[in-house]
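User: Could you take a close look at the aromatic ring pairs in this model and walk me through them?

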Amino acid sequence: MDVSGRILECLAPLAAEPVERIVVEMSELEFIDSTGLGGLIAGYLKARRNRRPFALVNPRRAIYEVLETTRLTRLFPVYPDVQAAIAAPDTHGAD
Amino acid sequence: MSRPGETDETTQLKELIVENTLAAAKRPEEVILREMQAAGYSEEDIFGIKLALEEAMTNAVRHGNRNDPTKQVVVRFNVTPRKITIIVRDEGFGFQPNHVPDPTLPENIERPSGRGIMLMRAYMTHVAYSDRGNEVVMVKVNES
């Protein structure tokens, strides 16, 4: 699945919804480029403006390496599974 | 005078000229990745080349040629089991890659753009721009 250009399209409306937190399950994502990273960042920023915690879950090794290479693991919390993301304290939802 | 990254292998480069759209820019990727698979490269290497090439093509189409449909992108490449050479040239005015801010710095980490060149450098063995900045030479040495 190559969804880089569509990530923001999916996340933008969700970030404004009255949900408790946004968890992006990434296990099916096979590829990401800088456009996709930009989509994740834009989604994260929108979620933060709406005080919604934002987390990534279970990226494949190659995807995680891209996140690490770009230091975005400092921006996004990354969890091994959805349960861990849901159980995590709300430390990323506020400015 | 030789250009950055130019070697004797430049005489063996294949050339693809594509129209200036992101859809057309996928064609060189398909050809190069197919040759990589045939040459026995790992999935990890194929991921890295796909990433670096997509970044280079996106930069050429969007920033170099400014989405102008009358312009073209020229891709020259050579795939051997030992190394891969890819040269991407657009018709733009070029840029100074050293002037692109470091996207990993705390003050830039939340910027949604500006990571393409960094990713190219991270996943290729060698990346060099022409003086004008409208041509990039990327080399990946097979270390597996």
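Analyst: Happy to. A residue counts as buried when its relative accessible area is under 20%. B:Tyr123, with a relative accessible area of 14%, is therefore buried. Please keep in mind that this is a predicted model.

The partner of B:Tyr123 is B:Phe47, and the two ring centres lie 6.3 Å apart. Their planes meet at 50 degrees, so the pair is tilted. B:Phe47 belongs to helix 2 (residues 43–64) of chain B, while B:Tyr123 belongs to helix 3 (residues 116–123) of chain B, so the contact ties together parts that are 76 residues apart in sequence. B:Phe47 is buried as well, at a relative accessible area of 11%.

Over the face of A:Phe31 lies B:Lys50, at 4.4 Å from the ring centre.

Across all chains there are six aromatic pairs. Another one of them, in chain A, is formed by A:Phe54 and A:Phe76, a tilted pair with 5.7 Å centre to centre and 40 degrees between the planes. A:Phe54 sits in strand 2 (residues 54–57) of chain A, and A:Phe76 in the loop between helix 3 (61–69) and strand 3 (78–79) of that chain, so this pair ties together parts that are 22 residues apart in sequence. Both A:Phe54 and A:Phe76 are buried.

Notes. Residues are numbered from 1 along each chain as its sequence is written. Chains are lettered from A and ligands numbered from 1 in the order in which they are written. This is a predicted model: local features need pLDDT of at least 70, side-chain atom pairs count only at pLDDT 80 or more; totals for chains, interfaces and linings use all residues. Side-chain values use heavy atoms; hydrogens and water are left out. Rings of Phe, Tyr and Trp (its six-membered ring) pair if their centres lie within 6.5 Å; planes under 30 degrees apart count as stacked, over 60 as edge-to-face and the rest as tilted. Helices (H or I, at least four residues) and strands (E, at least two) are DSSP runs, numbered from the N terminus. Buried means under 20% relative accessible area, exposed over 50%, partly exposed in between (1.4 Å probe, protein chains only). A charge sits over a ring if NZ of Lys or CZ of Arg is within 6 Å of the ring centre and within 35 degrees of the ring normal.
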